[in-house]
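Please read them alongside the coordinates.

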Amino acid sequence: MTPRFGRAALTEDSVESNWGINYLSNFHLLGILSPAIRAQPADRDVRIILGTCSSYIGGEIGALKDTRSPLPPGKEYGTSKLALMTFAQAFQKHLDSYKRPDKQPNNARVVIVDPGLTRTPGMRRWLSMGSLWGLLLYLVMWPVWGLTLKSPLMGAQSFLFAAMEADLGRGIGGRFIKECRERAFLRAEVEDEQVSKTLWEFSDKQIGALEKEGAARRSREKKEQKAKEDAGKGIEKDEVESKADTSDKAKKPGSRRSRKA
């Protein structure tokens, strides 16, 4: 989460951090794990739990740009969470559409969890706005935060509920949990099939471009490493030959060393 006066960070692939960490990494990972998830035995209770927060209400998923920083300015975090929730619904439909060889129904379910306002390091960084003055104000107002924000242990209860509640292992997937209760989505885009289709295609295209660039970068680094190793071997070879020449000159006929030998 980038605070109001904080600097926007980038991932190793030069992707805006909110988009890369909150959304694109989950999209890519679940895309890789999808065959393994669908192949799980029918008697297993498989759950994919994704975390979100109420900031998704202020996101603008329709304003994505085809760049490494596709999120609208000032709404990066909320839009990344809205995109994650929209993808979660689309991924659940993707799992449900799979026809198992054993003719059994799908046993993998996505659960979206909002832990609520919690006193985590991320919340502290957001409230302090990424500044020392903001941190000082946060410390001064600590009694207020102690009353209005939940402790991390209390915030974790909704995640534990999503992981262990028996009812969530039956019936439909893609449910939204907050305060250990099932809630309705407050943004229509989350369940909009056209929006989710557009988002999926946009993300798939972006992942493909990043993988190509990553493969090219690794190939270039491998060549550079090989060139350095070859150069090092060449230097070692020259040093060995130089030492051999020096030794031969020292042992030339007529020298004191050669006569001793």
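1. Cysteine 180 is partly exposed, because its relative accessible area is 30%; here buried means under 20% relative accessible area, exposed over 50%, and partly exposed in between, with a 1.4 Å probe and protein chains only. Cysteine 180 sits in the loop between β3 and β4. Its phi is near 60°, a positive value in a residue other than glycine.

2. Glutamate 179 lies in the loop between β3 (175–178) and β4 (181–183). Phi of glutamate 179 is near 55°, again positive in a residue other than glycine. Glutamate 179 counts as partly exposed because its relative accessibility is 38%.

3. The model is predicted: local features need pLDDT of at least 70, side-chain atom pairs count only at pLDDT 80 or more, and totals for chains, interfaces and linings use all residues. Residues are numbered from 1 along each chain as its sequence is written, and side-chain values use heavy atoms, with hydrogens and water left out.

4. The chain has nine helices and four strands; helices (H or I, at least four residues) and strands (E, at least two) are DSSP runs, numbered from the N terminus. The order from the N terminus is α-β-α-β-α-α-α-α-α-β-β-α-α. Of the 261 residues in the chain, 33% are buried.

5. Helix α1 covers residues 17–38, 22 residues in total, and spans 30 Å from its first C-alpha to its last, close to the expected 32 Å. The expected span is 1.5 Å times one less than the number of residues. α1 bends by about 45° at isoleucine 32, with proline 35 following within four residues; the bend is the angle between axes fitted to the seven residues ending there and the seven starting there.

6. Is isoleucine 32 buried or exposed? Isoleucine 32 counts as exposed because its relative accessibility is 52%. The buried residues of α1 include Trp19, Tyr23, Leu24, Phe27 and Leu30.

7. Which side chain does serine 203 contact? The side chain of serine 203 makes a polar contact with that of tyrosine 23, at 2.5 Å. A polar contact is a pair of N or O atoms within 3.5 Å; within protein, one must be able to donate a hydrogen and the other to accept it, and residues adjacent in sequence count only if both atoms are side-chain atoms. Serine 203 is in helix α8 (residues 193–250) and is buried, at 0% relative accessible area.
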